Amino acid sequence: MSQAAGPAGPGGERRLRLLVGKVGLDGHDRGAKIIARAFRDAGFEVVYTGLHQTPEQVVSTAIQEDVDAVSLSILSGAHNYLFPRVIELLRERGAADIAVFGGGIVPDEDIAGLKRSGVLEIFTPGTNTEQVIEWVKRNVRPRSLEPGR
Amino acid sequence: MSKRDETIPAGSRSREDWEARTLGPTVDRTPERPVGFTTVSDLPIARLYSREDRGPGWSEGTKLGYPGEFPFTRGIHPTMYRGRLWTMRQFAGFGSAEDTNARFLYLLEHGQTGLSTAFDLPTLMGRDSDDALARGEVGKEGVAVDSLADMEILFRNIPLDRVSTSMTINAPAAVIFCMYLAVAEKQGVPIASLQGTLQNDILKEYIAQKEWIYPPRPSMRIITDLMAFCSREVPKWNTISISGYHIREAGSTAVQELAFTLADGMAYVQAGIDAGLAVDDFAPRLSFFFNSHNDLFEEVAKLRAARRIWAHAMRDRFGAKNPRSWMLRFHTQTAGCSLTAQQPLNNVARVTIQALAAVLGGTQSLHTDSFDEALALPTENAVTVALRTQQILAEESGVANTIDPLGGSYFVEALTDRVERDALAYIERIDALGGMIAAIERGFPQKEIADASYHYQRQVDRGEKTIVGVNRHALQREPKTEILKIGEDVERAQLRRLEKVKTERDASRLAAGRAALRRAAESGENLIPPMLECVRAYGTVQEISETLIPVFGTYREVSVL
């Protein structure tokens, strides 16, 4: 039986810390709340920013809270501005190793561009929360364990 | 005369009899499908409904009445769609005021009978296009309106005395409404003749849609000022559209949508009474806005129960004497949250079912979603199909031929009673918390919705609830769908226009207007006249909204996960 490599290995590594963020003026928080709860139920530590955050606020929270990844939910159409802006700010603040992924209403043709700008993955409507959790387990590592990333 | 043939068995005398004689042997041979028979909101549905489901107290007179009569379960008009079809009102707004004006003219030309305006997020939040938080969002989800200059373009060549306009705006609703009044003044149209609806429902913002400026209590003051102003000056205007739509989109059940919306409505009525207004002076201008989801009968039951609960509340709880105050009039929009990005043409079928539910539920107006809305803002082609869906229902399907076609159906009446009972139980809990504002401050409706939304998502993830094309009948490769893209040039052009307005306007007239508005906020006099003056002086949405912040404060959400 194959097993997905989980973050909490036999050595008692710390649990993954994930930030779930809503940036910009977009108030659609149904998806963000569902994913935050699903992450929590899956055993991750979750920091939910609440609504109407600027990219600067999200990045500050991510650094202060020492999260391993930032996940953003954007349904406003402003993804092409907000995702790259968060990544740029993380780089400026020396935290480029914090993974960025997200979800929302993002047209297929925008996804490639977002990935080129450094977004690891975009989950579109209809995604099963368990798929997202599996993806996180495979792709996000505690920061301190991989200093070279 | 031949005697009855004793070899033909007589029909069952009761449900129990039928279950024992006819049903039992069949189920023993061929069991029912192993699925949960529940509504999309998870209400259990029985195998069969019959006379036995009507409780001992059930009577047609008290539960149904006749159309146009208390408690309006069967509809608010004596003729319903035989007299006049529902208003087909497609919500539109994107990009610049010029773009949306062109879409309005297109829709009017194609037989639409009312306008419905979608504003962009910065406008909805009371922010101008040049605010830092507006970056990347100008014109994306609706039309950008910063000042009267934009509103003049938005309604260019549309005579405001000949259309009815619905405006989906809440926190800065009073400002946008003043802009509409100012456009009418410029067109030479008396404001008393204006017809339309302002959404202006701030309570559901705290509950679900999350577009706010001030805390709940001062926000209620703006609303009661607007109700008082309109009852004198713009008597045909619907001052609030009390909205369940967004509550449902946020993930509530049908019962929660109904209960929280009606509890919001009761809070507005109470606020009006507390502000010294006579209930029958403003209640006839309150209207509602519901969602219509995929579960046909649950939606019909919800809409029928809504009318009955509201009629009782207005007459018995608030003492309204005018039958128009008892009538729950409503707009319906099909459920955006039910649409799938996968196999988007399937959404045409969903929207048809949802629109049918709205019509069978007796809606006064209807927006049908476009099939591509889970991908982006709708293209013109998709908008046309959505409008045609309504026209087919109205003119081909025959459902508009008779009033309340499902009335008296054992199932629909039982479900209507169930939904009513569950909604009333919620309303009692909210009353016990001290009313809706207190409940919001404690995060009660927010938590109930978050729980329901998570529960539903888990059911979908486990395959207990089906979404065709997503968790069943999915395709490996999705067909490509053409979508509407809003370019960044909209933002740049909007910023240029805003800058031009700011340099060309009469700054001293605006400063005087803002000072008067602030004084009104402090003294308690009606805010609308000084606000209208600020608008005439080309004050922006953000400038006018911020004038009130020192007096009213701003809202910070209690985040409920």
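Two strands pair if DSSP finds at least two bridges between them, and the strands themselves (E, at least two residues), like the helices (H or I, at least four), are DSSP runs numbered from the N terminus. In this sense five parallel bridges join strand β8 (residues 286-292) of chain B to strand β9 of chain B. The structure is a predicted model, in which local features need pLDDT of at least 70 and side-chain atom pairs count only at pLDDT 80 or more, while totals for chains, interfaces and linings use all residues. Residues are numbered from 1 along each chain as its sequence is written, and chains are lettered from A and ligands numbered from 1 in the order in which they are written.

**The two chains**

- Chain A holds five helices and five strands, and from the N terminus on its elements run β-α-β-α-β-α-β-α-β-α.
- Chain B has 22 helices and ten strands, and its C-alpha atoms fill a box of roughly 95 × 60 × 50 Å along the principal axes.
- The radius of gyration of chain B, taken over C-alpha atoms, is 25 Å, which agrees with the value near 24 Å that a compact globule of 561 residues would have; the globule rule is 2.2 Å times the number of residues to the power 0.38.
- A residue is buried if 20 or more other C-beta atoms, placed from the backbone, lie within 10 Å of its own, exposed if 12 or fewer do, and partly exposed in between; buried residues make up 48% of the 149 residues in chain A and 50% of the 561 residues in chain B.

**The sheet of chain B**

- An open sheet of five strands in chain B has the order β1-β10-β9-β8-β7, with parallel pairing.
- At its edges stand β1 (87-88) and β7 (240-243) of chain B, each with a single partner strand, so one side of each is left without a neighbour in the sheet.
- Strand β9 (residues 330-334) of chain B is mostly covered, with five of its five residues buried: Phe330(B), Thr332(B) and Thr334(B) lie on one side, and His331(B) and Gln333(B) on the other.
- Three bridges pair β9(B) in the parallel sense with strand β10 (residues 365-367) of chain B, where Leu366(B) is the bridge partner of Thr332(B).
- Between β9(B) and β10(B) the chain passes through helix α14 (residues 346-360) of chain B, and this β-α-β crossover is right-handed, meaning that, with the strands pointing away from the viewer, the path from the first strand over the helix to the second runs clockwise.

**The nonpolar core**

- A nonpolar core is a set of buried Ala, Val, Leu, Ile, Met, Phe, Trp, Tyr and Cys residues joined through C-beta atoms within 7 Å; the largest one has 192 residues, and among the members that touch the most others are Val70(A), Val86(A), Ala174(B) and Met531(B).
- Helix α6 (residues 173-187) of chain B gives the largest share of this core, twelve residues.

**Where the chains meet**

- Two residues are in contact if their C-beta atoms, placed from the backbone, lie within 7 Å, and 27 residues of chain A are in contact with 32 residues of chain B.
- On the side of chain A that touches chain B, α1 (30-41), α3 (79-92) and α5 (129-139) of chain A each give two or more residues, and α1(A) gives the largest share, five residues.
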